[in-house]
Amino acid sequence: MKPSNRSERLPPYLFAELERKVREKKAAGIDVISLGIGDPDSPTPEPVVEAMARAVADPSTHQYPSNRGRPELREAFARFYERRFGVALEPESEIIPALGAKECVFNLNLAFLDAGDVALAADPGYPVYTGGPLLADAEPVLMPLVPERGFAPDLDAIAAEDAARARILYLNYPNNPTGAVLPDGLFEGVVEFARQHDVLVVHDASYTETTFDGYVAPSFLETPGAKEVGVEVFSLSKGWNMTGWRTAAIVGNEDAVSAYWRLKTNVDSGMFEAVQLAAAAALDAGPPEEMKAIYQHRRDAVCDALHAIGVDVTPPKGTIYIWAPVPEGHTSASYCELVLQESAVVLSPGGAYGPNGEGFFRISLTVPDERLTEAVGRLRDSLAA
Ligand SMILES: Cc1ncc(COP(=O)(O)O)c(C=O)c1O
């Protein structure tokens with residue numbers, strides 16, 4: 001049996017590899033602490049669970065959902081965007097629910113890219129921005145994100161021939177994996193670039209609701225002209241502790257939303273309607289505010305501990321990650337391997353997010369405080385050794 005050439009072009013999915021290593025250690029009876037995957041440890045808010053329980057008891061939610069989504073959910077997204085970002089959205093034509101930001105980002109590649117087209121993707125960046133284009137027979141072209149530029153891509157450095165072939169440009173602020181928040185002027189520059197080169201801008205807003213120190217993350221759609229050139233993918237996964245529920249939406253440019261919907265009608269049959277009603281309740285209630293304080297406290301504890309052992313790290317204003325340089329003499333992979341073997345702590349090697357992630361590692365703050373303290377203690381011991 002031979003898998004397709006296209007699937008063989010994919011690198012192994014980073015977290016599949018991490019999960020395998022953790023399973024091995026656990027099977028050997030070792031107490032592994034995983035700071036690898038960004039999967040919130042707190043439960044989904046009770047009112048959302050209750051809304052789900054009510055909706056699931058209603059047999060009218062049990063049949064095939066429509067891929068357009070229930071009006072209740074589309075209208076709840078529109079209310080949320082108006083309240084939170086001051087952005088007006090038309091529920092009928094500018095909002096379609098998605099089975100998580102991951103599904104949405106992946107399917108946008110199939111909807112917008114042909115063989116030979118280019119998708120511009122941040123390096124380092126969320127792996128689906130590069131794997132998705134490969135699966136669409138297109139080419140991901142990397143835009144380096146470096147600390148010296150505040151992790152903003154340099155649009156002027158994009159080669160003319162790549163800009164000419166580009167059909168999609170991916171952005172994501174607050175940013176995974178770097179923790180960077182939106183650099184000044186970037187959204188405005190991107191709107192201009194997209195107009196010049198006829199590129200669809202896809203802003204992945206997975207972390208706008210997990211921010212600290214009073215920072216409030218904007219929506220791309222607040223930028224003048226954004227809706228003419230782009231869409232935003234908004235997910236409830238991180239902000240509402242709902243990773244398992246697969247709840248997100250694509251919002252913005254009507255033509256792009258419609259192209260996504262047309263493709264999706266051939267791929268899946270939409271979101272379980274009970275989940276849609278629960279997601280609407282979640283949006284109306286807003287994200288659980290206490291999570292900001294929980295993550296901020298963990299962020300400070302980890303950054304203080306890293307500083308104390310000589311790791312130079314900037315406390316991020318958003319996301320659920322710390323992005324830190326590996327100690328001298330290591331690659332990101334060799335350091336993460338060493339920590340796993342010696343301390344049974346799983347870190348994400350920066351190089352897995354792209355060549356410019358080399359030299360860094362990522363810590364996810366999604367484990368309970370006492371486990372995080374234990375993990376940082378083990379890191380300290382392994383660095384001291
Ligand atoms: C930048 C980014 N986009 C999308 C996702 C996936 O989100 P969802 O659970 O909505 O599919 C993640 C998950 O880690 C992410 O970091």
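The paragraphs below lead through selected helices, a helix pair, individual residues and backbone features of this predicted model.

Residues are numbered from 1 along each chain as its sequence is written, and side-chain values use heavy atoms, with hydrogens and water left out. Because the model is predicted, local features need pLDDT of at least 70 and side-chain atom pairs count only at pLDDT 80 or more, whereas totals for chains, interfaces and linings use all residues. Helices (H or I, at least four residues) and strands (E, at least two) are DSSP runs, numbered from the N terminus.

Spanning residues 71-85, helix 4 has 15 residues and reaches 21 Å from its first C-alpha to its last, close to the 21 Å expected at 1.5 Å a residue; the expected span of a helix is 1.5 Å times one less than its number of residues. Its buried residues are Leu73, Arg74, Ala76, Phe77, Ala78, Phe80, Tyr81 and Phe85, where buried means under 20% relative accessible area, exposed over 50%, and partly exposed in between (1.4 Å probe, protein chains only). These buried residues of helix 4 pack against strand 2 (95-98), strand 7 (230-235), strand 8 (248-252) and helix 11 (273-285), contact being defined as heavy atoms within 4.5 Å. Gly86 follows helix 4 with a positive phi, near 70°.

Thr208 lies in the loop between strand 6 and helix 9 and is buried, with a relative accessible area of 1%. Not counting residues up to four places away in sequence, Thr208 touches Arg84, Phe85, Tyr173, Pro174, Ala217, Pro218 and Phe234. Thr208 and Val105 are 103 residues apart along the chain, and their C-alpha atoms are separated by 17 Å.

Val105 belongs to helix 5, one of the contacting residues in the pairing with helix 6. Helix 5 (residues 101-112) and helix 6 (residues 128-135) pack at an angle of about 35°, with their axes 8 Å apart; axes are lines fitted to C-alpha atoms, for helices over the stretch in contact, and angles run from 0 to 180 degrees between N-to-C directions. The crossing is right-handed, a term that applies if the near helix is turned clockwise from the far one by less than a right angle, left-handed being anticlockwise. Lys102, Val105, Phe106, Asn109 and Leu110 in helix 5 meet Val128, Tyr129, Gly132, Pro133 and Leu135 in helix 6. The residues of this contact divide into 7 nonpolar, 2 polar and 1 charged, with Ala, Val, Leu, Ile, Met, Phe, Trp, Tyr, Cys and Pro counted as nonpolar, Asp, Glu, Lys and Arg as charged, and the others, Gly among them, as polar.

An α-helix has 3.6 residues a turn, so residues three or four places apart point the same way. Helix 8 (residues 186-197) has 12 residues, which should span 16 Å at 1.5 Å a residue, and its end C-alpha atoms are 16 Å apart, in agreement. Leu186, Phe187, Val190, Val191, Phe193 and Ala194 are buried in helix 8. They cover an arc of only 165° around the axis, which puts them on the same side of helix 8; the arc is that of the directions from the helix axis to the C-beta atoms. Their cover includes strand 3 (118-123), helix 7 (160-165), strand 5 (166-171), strand 6 (200-204) and helix 9 (226-229). In helix 13 (residues 332-343), Ser332, Tyr335, Cys336, Val339, Leu340 and Ser343 are buried. Seen down the axis of helix 13, these buried residues fall within an arc of 130°, so they line one face of the helix.

Several backbone features remain. Most residues other than glycine have a negative phi, and most peptide bonds are trans. Asp198, following helix 8, has a positive phi, near 55°. Ala344 is not a glycine, yet has a positive phi of about 55°; Ala344 is buried, with a relative accessible area of 7%, and lies in the loop between helix 13 and strand 10 (345-346). Asn241, in the loop between strand 7 and strand 8, likewise has a positive phi of about 55° and counts as buried at 6% relative accessibility. The peptide bond from Asp123 to Pro124 is cis, with omega near 5°, and Pro124 lies in the loop between strand 3 and helix 6. The peptide bond from Asn176 to Pro177 is also cis, with omega near 10°.
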